[in-house]
Each structure stands twice: as C-alpha cells, then as structure tokens.
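Trainee: I would like to learn how to read the features of a model one at a time, with the general idea first and the case at hand second. Could we go through one together?

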Amino acid sequence: MVNEKIEQGTSRLGTLVGGAAMLACVSFPTGAHSSTLMRDNLDYAEHKIANDTSTGSGFAGQTYSFNEAQKQKFSRKENFLIELVRTFVSVDSSDVAKIDPDINEKSFSAALMFLMRMPNGLAIPTYDIMPDGDFSYVWHTDKGIVTTAFSSEGWLNYASYDAKTGNRHKGKICLLNKEEKILLEKEYSEANEIIFSLIRKVT
Amino acid sequence: MKLFSLLLEKLLNFIGLYNSQISPIETIGENCSISSALEKNPSCDPEGASSSGVTSLPDIVSDDERIARVIHGGSSLKSIKKLYNPSTNKIKPSRFMDDRNPRELSVNRISTLTIDESHALGVAFVDDLNSKSGGNVTYHGYGELTVKICLEAGCTEVIKDDVAGTKPYHANILYPKKEVFEELDIANVLAFHALFVKHSK
C-alpha cells in the first residue's frame, strides 16, 4: 500500500516537474502567443495534479500533500519545487491555473527552470519577491548571503556578500538568445559556474 | 551656568564618557516614553512633540545611531516567508528595497529607545497604515542596523525626516536608482547585518 502510494506520488511528481518544465521552456517567447502557451502549459500541469486521486494544489482552497514516506523519496530540491508550486500556483473556479499575482509569470518560470538545473548537492535556498514582482532565491547563512533574481526580460541578476572576507560580487547574465526564444545551455553553464561557486562559499 | 554645562559636555565627550550626538538633553520630554504616549499620557506625546515645543532628535543622523526598519505584512505563513525566514529569523533582502527614485527606505531612529519603545513605534505605524487603508497588516518586528552599515553597504545617506515634527523618530535611508544587481548588492548587505528583533504578541 505504501509502495503504491509512493509510486503514485512519484508519478504525480513527474507530472508536476514535467508541467513546470514545459511551462518554463515556453515562457520566454514574447507576445500574446507566448502568454497563451504559458497558460496552457500551466493549466496542463495543474489539471493533471487536480485530477489525480489527491486533490489539487495552491491557495485556491484545495490541498495536495504527500505523506512523509513520499517526501523522503524526493530529493530536497524536489520537495522545494513542490513547495514553490503549492505556494504560488493555484487553480481557480474555472479550472484555470494561475500564478500568484504578486509575482511575474516569466520570472517565476525562469526561477523554476534554474532550480531544476541546480545540482542536487547544492544547498536549497529560500525565496524572496522583489518590489517589482521578480522572483528570487536567497541563500543566507552566517557565512554570507547570495541572491539571484530572475527578470521577466530573461536576465538573471545576482549579488553575493561573503561575511568573512567582506567580498561582494554582483552582476547579471542573459538567459536568452537574440531571438529570445530559448534558454541557452551556454548561458546556463556560465551562470552555473558563477552562481554556484558563490553559493558554495556561503553554505 | 549654561556655559558651564557646555564646557562639561565638551570635556566628557572628549574623554569618551558622553556622546554629544545622542544627547539625553535632546530627548523627547522628561521621563517620557513611547509606551506612556500610547497610554495616552497627556503630558507625554512624542507624536506631538513639535507642537508642544519639546526638542526633537538631532538634525544630523550620526553614523553610530541605531535605526530600525519596520517589518510588516500578512500573518499567514506564506506572507511571513516573504518577509523573513521563520526558521532562521533572517530578514529577506526585498525588505531593504524600494521602487521609488531615489530609493527611500523608511526607518526609525532608536538609539534613545528601549526595545519595547522601538516596537511601539512599529505598532503605531502599522495601526496608522491599517486605519487609513482599511487593511489588516501585521507588525512582525524590526530589523536593526546602524547608519554606518548602511553607508558601507552603498547607501548615499540617512536623513532625518520627521514629517513636519509629527514623527520625531523617523528617518530615510536614501540611494539612487541603480542596476538591479547593484540594488540587490546593497539589499544583501543590509539584510545580512540586520538583527531581526521579533515582536512577541
């Protein structure tokens, strides 16, 4: 029985991650078409969740939870991903998936994509929401702090502060190609090298 | 007598026994506290200090002054997590960011106040906010910093802004609008150094 539930949970997680990945991959094309694509994919992800044996997720009043055995099956990164979707994605009365109005959709999508590409051994961040609605991750320990904010235009803005040395690093990385259609692996690799090394210093 | 007081003040300041920047001579009233003001003590009303003729804090906000950034928002766990990490009590960098130009971070000058009095300022601010907007914002506490930290982080200045004497403890941290990553950098340093003094209800 427990194994069945774990398998169901894993299957649902796969659907969730797949839906989030689809959402993230098509989120950057600009214009009305891209917004429709994003909504369609978010709807798809949420529809799958809502129609599973457990109830749907989000702040629209429905709850969706894994038991402890299921949670242990998932990595900390996966659990954090689930927490983010549960916190900021909801299904309204018309069965349409929506993102928390306080955050930018494209920013949130980019952040999910970044999280999914993080190595499993890296410390899990907390989240933060900028005054302009951009979604960000924060790694904040006694050693220092690193913040990565994802803009709607496809920029990853980052800043870090090493408390021991007083060193501060900051900059921005473009995560789109010139056509603004896909997230380039090269740019992600560059971001990985810079951002992850900063994170490892404070965690 | 006045000359003697002035000479004594200068002598004590010279030998480090007296901080003339935060002079008790210049505090609001005598034996006057925010808490007693909130108890509607008619003889003690920091909010009306200007009208009663009571001296306010020094015009210049010195580098060693302690300032408090009010942390307020919703009361749900989701709302709290947007303000600070409830597991570690570390304030989120966004609490030290602004969208005006130049950027303005509203703070209270708390060097002369106790923790309870500092909290009372925050409670009064949130109550005022709720009464004007009809909202239900919760006061969670404040993030304590020094002016020196703000300047080292990259802020331009911290200036007194007592709103025509109605808010004698109020000041603003100022810095110009910059690139997002530069503002993140400032917010990071402020968030790291801020001591979160949580309000116990």
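Trainee: In which loop of chain B does Pro102(B) lie?

Mentor: Before I answer, note that this is a predicted model, in which local features need pLDDT of at least 70 and side-chain atom pairs count only at pLDDT 80 or more, while totals for chains, interfaces and linings use all residues. Residues are numbered from 1 along each chain as its sequence is written, chains are lettered from A and ligands numbered from 1 in the order in which they are written, and side-chain values use heavy atoms, with hydrogens and water left out. Helices (H or I, at least four residues) and strands (E, at least two) are DSSP runs numbered from the N terminus, and Pro102(B) lies in the loop between strand 3 and strand 4 (103-109) of chain B.

Trainee: What kind of peptide bond joins Asn101(B) and Pro102(B)?

Mentor: As a general idea, most residues other than glycine have a negative phi, and most peptide bonds are trans. Here the bond between Asn101(B) and Pro102(B) is cis, with omega at about 0°.

Trainee: Which residue has a positive phi of about 60° although it is not a glycine, and where is it found?

Mentor: That residue is Asn89(B), with a positive phi of about 60°, and Asn89(B) is found in the loop between strand 2 and strand 3 of chain B. For accessibility, buried means under 20% relative accessible area, exposed over 50%, and partly exposed in between (1.4 Å probe, protein chains only); Asn89(B), at 32%, therefore counts as partly exposed. Val163(B) also is not a glycine and has a positive phi, of about 50°; Val163(B) lies in the loop between strand 6 (157-160) and strand 7 (170-175) of chain B, and its relative accessible area of 38% makes it partly exposed.

Trainee: Is Lys82(B) buried or exposed, and which residues does Lys82(B) touch?

Mentor: Lys82(B) is in the loop between helix 4 (77-81) and strand 2 (84-85) of chain B, and with a relative accessible area of 15% it is buried. Contact means heavy atoms within 4.5 Å, and, not counting residues up to four places away in sequence, Lys82(B) touches residues of chain A including Phe88(A), Asp100(A), Asp102(A) and Tyr127(A), as well as Lys92(B), Ser94(B) and Arg95(B). A polar contact (a pair of N or O atoms within 3.5 Å; within protein, one must be able to donate a hydrogen and the other to accept it, and residues adjacent in sequence count only if both atoms are side-chain atoms) of 3.0 Å joins the side chains of Lys82(B) and Asp102(A).

Trainee: How many residues does the contact take from chain B and from chain A?

Mentor: The contact takes 26 residues from chain B and 32 residues from chain A. Buried area is the accessible area (1.4 Å probe) that two parts lose on being put together, summed over both, and chain B and chain A bury about 2400 Å² between them, 58% of it on carbon and sulfur atoms. On the side of chain B, Lys78(B), Phe181(B) and Phe192(B) lose the most area to chain A, together 25% of what that side buries.

Trainee: How many salt bridges does the rule find across the interface of chain B and chain A?

Mentor: A salt bridge is a side-chain nitrogen of Lys or Arg within 4 Å of a carboxyl oxygen of Asp or Glu, and the rule finds eight of them across this interface of chain B and chain A. Among the salt bridges of the structure is the one in which the side chains of Lys170(A) and Asp185(B) meet, at 3.4 Å from N to O. Helix 7 (180-193) of chain B is one of the elements that supply at least two residues of the side touching chain A, and helix 7 gives the most to that side, with eleven residues.

Trainee: How are the rings of Tyr161(A) and Phe192(B) arranged?

Mentor: A pair of aromatic rings is described by the distance of the centres and the angle of the planes. Rings of Phe, Tyr and Trp (its six-membered ring) pair if their centres lie within 6.5 Å, and planes under 30 degrees apart count as stacked, over 60 as edge-to-face and the rest as tilted. A search of the whole structure finds 14 aromatic pairs over all chains; in one of them, the rings of Tyr137(A) and Trp139(A) have centres 6.1 Å apart and planes at 65°, so that pair is edge-to-face. Tyr161(A) and Phe192(B) also form an edge-to-face pair, 5.3 Å centre to centre with 65° between the planes. Because Tyr161(A) lies in strand 6 (residues 155-162) of chain A and Phe192(B) in helix 7 of chain B, this pair joins two chains.
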